[in-house]
Amino acid sequence: MTILVTGGTGSLGRPTVELLRAAGNDVRVFSRTRGPGRVTGNLTSGEGLAEALDGVHTVLHLATSAASGKDAAQTRRLLDASLAAGVAHFVYISIVGVDVNPYPYYRIKFACERAISESGIPHTILRATQFHSFLAMLVSAQRRFPFILAADIPVQPIAGEEVAARLVELVGAAPAGAVPDIGGPEQLRLLDAIATLQAAAGTHKRVWALPLAGRTIRAFRSGTHMPGLPGFGRETFAEYVQRVVR
Ligand SMILES: NC(=O)c1ccc[n+]([C@@H]2O[C@H](COP(=O)([O-])OP(=O)(O)OC[C@H]3O[C@@H](n4cnc5c(N)ncnc54)[C@H](OP(=O)(O)O)[C@@H]3O)[C@@H](O)[C@H]2O)c1
């Protein structure tokens with residue numbers, strides 16, 4: 001079975017592609033840059049899409065342009081090209097709570113979900129919580145500052161590799177529409193996760209909890225981005241930190 005993976009070079013895409021290939025699938029990675037096993041193109045312009053989709057059975061759409069806000073237009077472009085190419089299964093990764101949390105990126109992800117549901121292409125949509133690596137990135141992105149800024153919200157992070165494994169199962173199964181949300185094995189405060197990271201890295205920066213107010217922060221504080229316990233994932237955040245931060 002030939003699978004086209006958008007975002008196959010990203011943090012979720014890399015372990016997913018590795019698992020799909022290990023399972024014997026013919027995997028094409030759609031990327032803006034050249035490399036082995038990749039087909040080049042761009043989801044914003046649509047360049048390279050028709051050629052990349054030729055003979056493809058399943059599309060696994062993991063690409064995101066996050067802050068740029070282009071995801072909805074890119075997803076619609078990919079859906080149109082997939083319909084034209086006769087794709088049999090369209091699999092999408094979304095985020096827990098995108099239907100109820102007004103955070104701008106989540107609204108865009110929800111628009112992508114709706115476009116997929118209304119496209120007529122047999123599809124599967126999986127919503128996951130924040131990856132462990134994403135929490136670590138929130139801190140590493142501030143490495144040049146003498147302090148760390150963060151929101152005081154609860155999180156239920158999951159290992160990206162566990163999301164990848166679930167996606168591989170879904171790609172190998174029949175289209176199932178919206179499947180149950182997945183998250184990690186524990187709920188913790190983001191500020192405590194940051195403390196765990198600092199302890200492992202041997203840093204002692206002051207952490208400032210941002211004084212945020214409004215509907216978005218209320219949605220995060222009330223936990224609309226967490227699917228509840230027991231979680232699907234097995235690896236705790238502390239175990240991830242031990243594995244990765246040395
Ligand atoms: N990070 C999280 O905690 C989290 C949690 C739940 C769900 N998700 C979802 O998981 C997905 C993957 O997230 P990630 O953190 O792995 O993303 P990432 O590491 O930022 O990777 C983004 C990917 O998108 C591709 N891309 C960006 N613009 C493109 C364009 N114009 N044309 C073609 N490809 C383009 C990039 O490919 P090239 O640079 O090779 O072109 C790259 O592989 C996203 O849909 C995200 O919303 C993430």
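Predicted model: local features only at pLDDT ≥ 70, side-chain atom pairs only at ≥ 80, totals over all residues.
Helix H1 passes helix H6 in a right-handed crossing. Two packed helices are described by the angle between their axes and the distance between the axes. Here, H1 (residues 13-22) and H6 pack at an angle of about 45°, and their axes lie 8 Å apart. Angles under 35 degrees count as roughly parallel and 65 to 115 as roughly perpendicular, so H1 and H6 end up oblique to each other. On the H1 side, the residues that do the touching are Pro-15, Thr-16, Leu-19 and Leu-20. They meet a run of partners in H6, including Gly-160, Ala-164, Leu-167 and Val-171.

Leu-167 turns up again in the nonpolar core. The largest such core has 53 residues, and Val-5 and Leu-167 are the ones with the most contacts inside it. Helix H6 (residues 160-171) supplies the largest share of this core, six residues. Leaving aside residues up to four places away in sequence, Leu-167 touches Thr-16, Leu-60, Val-91, Ile-93 and Leu-126.

Seven strands make up an open sheet with parallel pairing, and reading across it gives the order S3-S2-S1-S4-S5-S6-S9. Strand S3 (38-40) and strand S9 (177-178) sit at the edges, each pairing on one side only. Further in, strand S4 (residues 58-61) and strand S5 (residues 89-95) run parallel and pair over four bridges. In this pairing, Thr-58 stands opposite His-89 of S5. Strand S5 is mostly covered, with six of its seven residues buried.

What lies across strands S1, S4 and S5? That would be helix H3 (residues 71-85). Strand S1 here covers residues 2-6, and H3 runs at about 175° to S4.

Leu-229 and Pro-230 are joined by a cis peptide bond, with omega at about 0°. Where does Pro-230 sit? Its place is in the loop between helix H8 (215-221) and helix H9 (237-244).

Key:
Residues numbered from 1 in each chain as written. Core = buried A, V, L, I, M, F, W, Y, C linked by C-beta atoms within 7 Å. Buried ≥ 20, exposed ≤ 12 C-beta atoms within 10 Å, placed from the backbone. Helix = DSSP H or I, 4+ residues; strand = E, 2+ residues; numbered from the N terminus. Contact = placed C-beta atoms within 7 Å. Pairing = 2+ DSSP bridges. Axes fitted to C-alpha atoms, helices over the stretch in contact; angles between N-to-C directions. Parallel < 35°, antiparallel > 145°, perpendicular 65-115°, else oblique. Left-handed = near helix turned anticlockwise from the far one by under 90°.
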